[in-house]
Amino acid sequence: MPKTLRLILGDQLNAAHSWFETVDEDVIYLMMEMRQETDYVKHHVQKVIAFFAAMRAFCEAREAEGHRFHFLKLDDPNNQQSLAANLQQAIEQYQVEQWAYQLPDEYRLDEQLRDLGEGLGLAFHAVDTEHFLTQRGDLATMFKGKKTYLMESFYRRMRKQYDILMVDEKTPFGERWNFDADNRNRYDGAVPIPEEEWPIKSDQSEILAMIEDSGVATIGEVQAEQFIWPVSRKEAEQALDFFVRRCLPQFGTYQDAMTKEYWALFHSRLSFAMNSKILHPLEVVRAAIAYWEQQQDLVSLAQLEGFVRQIIGWREYMRGVYWAHMPSYAEENYFGHNRKLPDYFWTGETKMACVSHAVIQSLTYAYAHHIQRLMVTGNFALLAGISPDELDEWYLGIYIDAIEWVEITNTRGMSQFADGGKVGTKPYVSSANYIDKMSDYCGDCHYKKKLRHGEKACPFNSLYWHFYDRNEDKLARNPRIGFAYRTLNRMKPEEKEKTLLQAEQYLAGIEDL
């Protein structure tokens with residue numbers, strides 16, 4: 001009988017973890033598909049499939065190396081459908097002397113496992129997942145005593161610490177830390193999208209049938225026989241190679257662009273593989289840098305830096321914010337917003353073309369890129385005063401890469417400013433002007449992008465000014481948005497009154513927009 005049981009969660013699929021350096025006959029690994037995890041929010045069907053398929057691929061690969069696994073599928077008659085019950089059952093079945101787990105990345109699971117460790121009466125210990133480039137508490141330590149955190153400071157520190165795109169310990173390549181100003185172009189069709197070459201296609205019909213037969217409630221749609229997300233190490237490596245060769249050369253230029261025709265543009269689509277730890281952030285960054293070094297005539301430094309910043313900057317930063325402020329962060333609601341999320345966030349059936357497209361794309365692919373999330377669905381939710389709780393649940397469920405440590409900080413912090421400025425220095429809101437500048441959504445929309453009020457006036461326009469008007473006491477002294485209040489105060493009284501009245505009417509009939 002094995003002496004040690006090691007628990008592996010569904011987002012801990014790190015084949016390079018030191019646990020697997022040697023085969024140990026005294027160790028058995030426990031993995032399980034559970035209703036506890038499928039049901040705590042209603043997830044996109046592709047998200048559930050991806051996690052189950054990735055877990056199975058990971059288990060199969062480790063077993064081929066000689067490691068012993070106890071794997072509970074969702075429909076296994078012995079599956080108790082909860083972490084606590086399945087863990088207790090496995091401990092009793094194998095009569096182990098001790099158990100261990102990798103530190104979870106979600107606060108709820110961290111608490112649950114710590115409580116289980118104290119309650120099971122068996123020796124246990126926790127180890128690092130060996131995935132992230134920082135420790136949980138690093139960001140809090142770095143910004144100790146400060147009310148707000150600054151991502152740019154953190155990002156520069158990471159560049160120096162890992163010697164990424166550095167000439168020497170003080171000088172970045174190109175003598176600039178950040179090329180974001182170069183990466184804000186609308187997609188103009190000048191460069192073909194390599195979407196049809198996407199290398200991942202697998203058949204996940206068996207898992208889909210099990211999910212449906214088990215009665216798991218999901219959202220969204222799927223072509224299970226043509227599943228497009230990488231769930232194995234081999235597929236993740238193929239997806240990474242595809243990105244650096246076919247997408248990286250244009251990534252930065254069009255990373256903020258939105259278009260009805262292409263759902264992913266030049267984005268990497270590696271976030272699920274990374275967040276489930278199939279891919280390590282450093283190997284992703286190094287692969288991109290290696291290609292840039294070989295193909296500088298094809299890939300500019302601006303393209304590369306924008307991608308590197310997302311991985312070693314924003315991703316690590318958001319995790320640090322999460323562990324610095326949980327569990328209270330999950331209750332942040334700076335503006336006191338409490339409006340229900342409109343039904344069209346679940347169907348896409350709205351006359352607002354931008355919201356409709358972003359939602360339908362999300363339901364179709366379990367994916368939308370960061371500007372669609374921030375400046376379309378998130379922007380609308382903030383302008384409309386949607387409850388952060390409702391929006392959290394939607395983002396956490398609908399996106400394949402959404403795990404709470406990265407979802408909630410982006411939702412409550414970056415998108416909704418519900419944390420009052422811990423993550424962002426200002427609310428990210430806009431009128432129709434920004435959406436029209438960065439997309440092709442407005443051209444055939446039911447609403448008129450230039451109108452603030454009147455027949456078919458774009459809801460984003462009046463809601464934008466209504467947001468600033470109703471939150472003047474909280475925002476007027478913010479130095480980054482003084483222009484908004486100067487414009488609002490210069491607005492003719494009649495124009496201001498009509499604009500705010502239009503917003504009130506739209507909010508009263510929000511389900512009909």
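Biologist: What is the order of the 5 strands in the open sheet, and is their pairing parallel or antiparallel?

Modeller: This is a predicted model, and in it the strands of the open sheet follow the order β3-β2-β1-β4-β5, with parallel pairing.

Biologist: Happy to start there! What makes β3 and β5 the edges?

Modeller: β3 (68-72) and β5 (123-127) each have a single partner strand, so one side of each is left without a neighbour in the sheet. Neighbouring strands are turned by 25° against each other on average, direction ignored.

Biologist: Which helices pack on this sheet?

Modeller: Helix α2 (residues 45-64) touches β2 and β3, and its direction makes about 160° with that of β3. Helix α4 (residues 107-119) touches β1, β4 and β5, and its direction makes about 170° with that of β4.

Biologist: How many bridges join β2 to β3?

Modeller: 5 bridges join this parallel pair, with Tyr-29 standing opposite Phe-69 in β3.

Biologist: Why is β1 described as covered on both faces?

Modeller: In a regular strand the side chains alternate between the two faces of the sheet. In β1 (residues 4-7), Thr-4 and Arg-6 lie on one side and Leu-5 and Leu-7 on the other, and all are buried.

Biologist: What about β2: which residues point which way?

Modeller: Val-27, Tyr-29 and Met-31 point one way, while Ile-28, Leu-30 and Met-32 point the other way. For β2, 6 of its 6 residues are buried.

Biologist: Let's turn to single residues. Why is Val-244 called buried?

Modeller: Buried means under 20% relative accessible area. Val-244 has 5%, so this residue is buried. Val-244 is found in helix α8 (residues 233-251). Leaving aside neighbours within four places in sequence, Val-244 is in contact with Pro-249, Ala-287, Ala-288 and Tyr-291.

Biologist: And why does Thr-377 count as buried?

Modeller: The same cut-off of under 20% applies, and Thr-377 has 0% relative accessibility, so Thr-377 counts as buried. Thr-377 is found in helix α13 (residues 370-384). Not counting residues up to four places away in sequence, Thr-377 touches Phe-345, Ala-358, Val-359, Gln-372, Trp-394 and Tyr-395.

Biologist: Now the helix pairs. Why are α17 and α20 called roughly perpendicular?

Modeller: Helix α17 (residues 459-470) and helix α20 (residues 493-508) pack at an angle of about 105°, with their axes 8 Å apart. The range for roughly perpendicular is 65 to 115 degrees, so this pair is roughly perpendicular. Among the residues of α17 that meet α20 are Leu-463, Trp-465 and His-466. By class, the contact has 7 nonpolar, 4 polar and 3 charged residues.

Biologist: How do you know that α6 and α11 are roughly perpendicular too?

Modeller: Helix α6 (residues 151-161) and α11 pack at an angle of about 110°, with axes 9 Å apart. That angle lies in the range of 65 to 115 degrees, so α6 and α11 are roughly perpendicular to each other. Met-151, Phe-154, Tyr-155, Met-158 and Arg-159 are the α6 residues that meet α11. The contact divides into 8 nonpolar, 1 polar and 4 charged residues.

Biologist: Which residues touch the most other members of the largest nonpolar core?

Modeller: Val-355 and Phe-380 do, in a core of 160 residues. Helix α11 (residues 301-325) gives the most to this core, with 12 residues. Another core, of 20 residues, lies apart from it and includes Leu-30, Leu-87, Ala-90 and Tyr-101.

Biologist: What is Phe-380 in contact with, leaving aside its neighbours within four places in sequence?

Modeller: Its contacts include Pro-342, Tyr-344, Met-352, Val-355, Phe-460 and Leu-463.

Note on methods:
Residues numbered from 1 in each chain as written. Predicted model: local features only at pLDDT ≥ 70, side-chain atom pairs only at ≥ 80, totals over all residues. Heavy atoms only, no water. Buried < 20%, exposed > 50% of the residue type's maximum accessible area, 1.4 Å probe, protein only. Helix = DSSP H or I, 4+ residues; strand = E, 2+ residues; numbered from the N terminus. Axes fitted to C-alpha atoms, helices over the stretch in contact; angles between N-to-C directions. Parallel < 35°, antiparallel > 145°, perpendicular 65-115°, else oblique. Contact = heavy atoms within 4.5 Å. Nonpolar A, V, L, I, M, F, W, Y, C, P; charged D, E, K, R; others polar. Core = buried A, V, L, I, M, F, W, Y, C linked by side-chain atoms within 4.5 Å. Pairing = 2+ DSSP bridges.
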